[in-house]
Amino acid sequence: MRGNLFGRRTVQRFVQLAIAAVGSVKIKLLLCCCTVFTLIVFATCAASFMGWREHSTASLSRYCGSRKGYALLINTWKRNDLLKQSISHYTSCCGLDSIHIVWSEPDPPSDSLVKSLNHIVQSNSRDGRQIELKFDINQEDSLNNRFKEVNDLKTDAVFSIDDDIIFPCSSVEFAFSVWQSAPDTMVGFVPRIHSIDQSNGYTGRYIYGGWWSVWWRGTYSMVLSKAAFFHKKYLSMYTNEMPASIKEYVAKNRNCEDIAMSFLVANATGAPPIWVKGKIFEIGSTGISSLGGHIERRSQCINRFVNEYGRMPLVTTSVKAVDSRNIWFW
């Protein structure tokens with residue numbers, strides 16, 4: 001009996017040790033998987049941690065080639081340092097063909113500023129590229145100047161950008177390639193949404209939604225022109241075909257020119273824009289979107305424009321363009 005009892009205890013002890021060993025192996029495998037996953041995530045985000053400057057052109061080689069490029073349409077207002085920083089960055093992007101600075105300040109650009117910007121462009125021009133730099137000087141200060149027709153554009157593609165935000169060249173070139181697949185569409189980095197106001201039942205009133213609304217719903221209907229590609233023909237349409245009442249509203253309220261452009265493109269195409277995933281680096285101070293009442297003012301713009309068009313032309317979508325070659329999981 002004692003021998004059998006001792007044998008059973010020995011077997012039970014052996015089984016317990018075996019279970020403990022297997023559990024230990026599982027824990028080690030789990031920790032190993034977590035470590036590998038953490039390293040992958042860190043490697044994916046490493047470029048963002050190091051800032052927006054790209055020192056290697058290897059990542060851009062797949063986007064650059066013998067193709068027609070795009071014009072940079074940059075909006076600025078009394079922020080020459082930011083303007084210089086932005087132009088210094090974007091002139092290193094291989095698809096850039098020309099730069100048009102929307103100048104609405106009361107005084108013309110100084111000789112020193114023009115000289116400095118030309119020096120930056122010449123210094124960053126590579127592979128025999130000749131990037132054209134022009135100031136589009138306006139006599140009055142109006143947000144409509146942002147989309148005033150430019151008669152001497154040599155490219156169909158226009159990349160509209162603010163002077164206080166930076167996107168890596170790889171993101172810009174990828175967005176350009178997306179636009180080339182749908183040149184009648186707006187392709188941009190900053191999505192926004194409109195929705196029906198259901199606070200008091202259906203009233204036919206629309207509400208403007210910012211980034212968190214896009215994130216929560218998983219849909220969008222606009223991409224802001226502060227960072228977007230579109231066809232140059234829309235500059236002509238905004239200048240010559242946009243209802244005068246809408247342009248007057250934009251000028252008076254100093255807001256919503258980007259929503260007006262979204263309405264114009266959606267009305268012409270009947271299609272939604274395309275949101276491109278990209279890392280944004282803000283190099284300036286906060287803008288009007290940080291002010292109180294911003295959402296309400298933008299909502300008023302949407303409803304005013306709907307009345308002008310007689311319908312809601314914006315189209316909602318959930319499509320997002322992602323460059324899968326730059327990420328591990330997508």
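The structure holds 2 disulfides, a disulfide being a pair of cysteine sulfur atoms within 2.5 Å. The model is predicted, so that local features need pLDDT of at least 70 and side-chain atom pairs count only at pLDDT 80 or more, while totals for chains, interfaces and linings use all residues. Residues are numbered from 1 along each chain as its sequence is written, and side-chain values use heavy atoms, with hydrogens and water left out.

**Exercise 1.** Determine which parts of the chain the disulfide of Cys93 and Cys169 ties together.

*Solution.* Begin with the bond itself, which joins Cys93 to Cys169 with an S to S distance of 2.1 Å and is left-handed, with -85° about the S-S bond. Finally, check burial, where buried means under 20% relative accessible area, exposed over 50%, and partly exposed in between (1.4 Å probe, protein chains only): Cys93 counts as buried at 0%, and Cys169 counts as buried at 2%.

**Exercise 2.** Decide how the buried residues of helix α7 (residues 244–253) are arranged around its axis.

*Solution.* First list the buried residues of α7, namely Ile246, Tyr249 and Val250. They cover an arc of only 95° around the axis, which puts them on the same side of α7; the arc is that of the directions from the helix axis to the C-beta atoms. On the other side of α7, Glu248 and Lys252 are exposed.

**Exercise 3.** Classify the ring pair of Trp211 and Trp275.

*Solution.* The structure holds 19 aromatic pairs, where rings of Phe, Tyr and Trp (its six-membered ring) pair if their centres lie within 6.5 Å, and planes under 30 degrees apart count as stacked, over 60 as edge-to-face and the rest as tilted. For Trp211 and Trp275 the centres are 5.7 Å apart and the planes at 75°, so the pair is edge-to-face. Trp211 belongs to helix α5 (residues 211–217) and Trp275 to strand β11 (residues 274–276), 64 residues apart. Trp211 counts as partly exposed at 33% relative accessibility, whereas Trp275, at 13%, is buried.

Technical notes. Helices (H or I, at least four residues) and strands (E, at least two) are DSSP runs, numbered from the N terminus.
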